[in-house]
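Please open the model in a viewer and keep the selection panel at hand.

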Amino acid sequence: MRTSTQILPGIKAIGWLDCQHLPRRVDLTAICGMPLPILTDIHPIPFFDEPTCECKTKKDGAGYEDTATLKFLTDKKLPRSASLGFVVTDVNDNSYLLGSLEKPWPNVECDSSTGIPSGDAAGYAYEIKHVSIRSMVPCVI
């Protein structure tokens with residue numbers, strides 16, 4: 001099985017958006033090599049520690065399948081919506097979209113923690129996974 005992994009060099013901003021306001025078939029836009037314009041509100045997410053974002057590509061039959069994974073810690077609870085998408089901006093000012101108008105939408109997992117008095121941080125640990133023929137779509141915000 002042939003796979004490849006892409007890891008962002010460092011994340012400087014993360015934001016959420018409603019995927020219902022995205023254009024159709026953003027994955028095909030990415031396959032064509034065109035950056036996707038984001039024409040909806042992006043709500044910034046404050047984060048601490050070091051967030052990570054990676055995209056793993058694997059051969060799936062006659063085509064390929066991307067699995068993007070975004071992990072971060074925050075002190076804010078995100079809205080519960082089936083169509084929640086995310087925009088990640090790296091230190092080189094390149095932005096990437098995780099999500100699409102069509103299903104499957106990103107899978108959002110949240111672990112809340114109160115921490116311990118000796119120094120563990122309290123907050124929310126999010127892990128977002130998005131599986132599509134093209135995930136981590138380059139975008140312009």
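**Before selecting**

This is a predicted model, in which local features need pLDDT of at least 70 and side-chain atom pairs count only at pLDDT 80 or more, while totals for chains, interfaces and linings use all residues. Numbering starts from 1 along each chain as its sequence is written, and side-chain values use heavy atoms, with hydrogens and water left out. Helices (H or I, at least four residues) and strands (E, at least two) are DSSP runs, numbered from the N terminus.

**Stop 1: the largest nonpolar core**

Select Leu70, Phe72, Phe86 and Leu98. Of the 17 residues in the largest nonpolar core, these four touch the most other members. At least two residues of this core are supplied by each of strand E2 (11-18), strand E5 (48-60), E6, E7, strand E8 (95-98) and strand E10 (123-132). A second, separate core has 11 residues, including Leu17, Leu22, Val137 and Cys139. A nonpolar core is here a set of buried Ala, Val, Leu, Ile, Met, Phe, Trp, Tyr and Cys residues joined through side-chain atoms within 4.5 Å. Buried means under 20% relative accessible area, exposed over 50%, and partly exposed in between (1.4 Å probe, protein chains only). In soluble globular proteins, nonpolar side chains tend to be buried together.

Next, centre the view on Leu70. Its contacts (heavy atoms within 4.5 Å) are Ile11, Ile14, Thr52, Cys53, Phe86, Val88, Leu98, Tyr126, Glu127 and Ile128, leaving aside neighbours within four places in sequence.

Thr69 can be selected next; this residue is in strand E6. Thr69 is buried, at 11% relative accessible area. With residues up to four places away in sequence not counted, Thr69 touches Thr52, Cys53, Glu54, Glu127, Ile128 and Lys129.

**Stop 2: the aromatic pair**

How many aromatic pairs does the structure hold? There is 1. Show the rings of Phe72 and Tyr126: their centres are 5.5 Å apart and their planes at 20°, so the pair is stacked. Rings of Phe, Tyr and Trp (its six-membered ring) pair if their centres lie within 6.5 Å; planes under 30 degrees apart count as stacked, over 60 as edge-to-face and the rest as tilted. Because Phe72 lies in strand E6 and Tyr126 in strand E10, the pair ties together parts that are 54 residues apart in sequence. Phe72 is buried, with a relative accessible area of 3%, and Tyr126 is buried as well, at 4%.

**Stop 3: the largest pocket**

A pocket is found on a 1 Å grid over the protein atoms alone, as an open set of points where a 1.4 Å probe fits, with protein on both sides within 12 Å along at least five of seven lines; lining residues have an atom within 4 Å of a point. The space in the largest pocket is about 210 Å³, a volume being the space filled by probe spheres set on the points. Strand E9 (residues 107-113) gives the largest share of the lining, 4 residues. By class, the lining has 8 nonpolar, 2 polar and 3 charged residues. Ala, Val, Leu, Ile, Met, Phe, Trp, Tyr, Cys and Pro count as nonpolar, Asp, Glu, Lys and Arg as charged, and the others, Gly among them, as polar.

**Stop 4**

Move to the loop between E2 and H1, where Leu22 is found. Leu22 is buried, with a relative accessible area of 6%. Leaving aside neighbours within four places in sequence, Leu22 is in contact with Leu17, Ile38, Leu97, Gly99, Ser100 and Leu101. Leu22 and Ser100 are 78 residues apart in sequence, yet 6.6 Å apart in space, C-alpha to C-alpha.

Arg25 is placed in the loop between E2 and helix H1 (26-31). Its phi is near 50°, a positive value in a residue other than glycine, and Arg25 is partly exposed at 37% relative accessible area.

**Stop 5: backbone geometry and exposed residues**

Select Asp49 in strand E5. Although Asp49 is not a glycine, its phi is positive, at about 65°; at 58% relative accessibility it counts as exposed.

Then select Pro104, in the loop between E8 and E9. The peptide bond from Lys103 to Pro104 is cis, with omega near 5°.

Finish at Pro117, in the loop between E9 and E10. Pro117 counts as exposed, at 89% relative accessibility.
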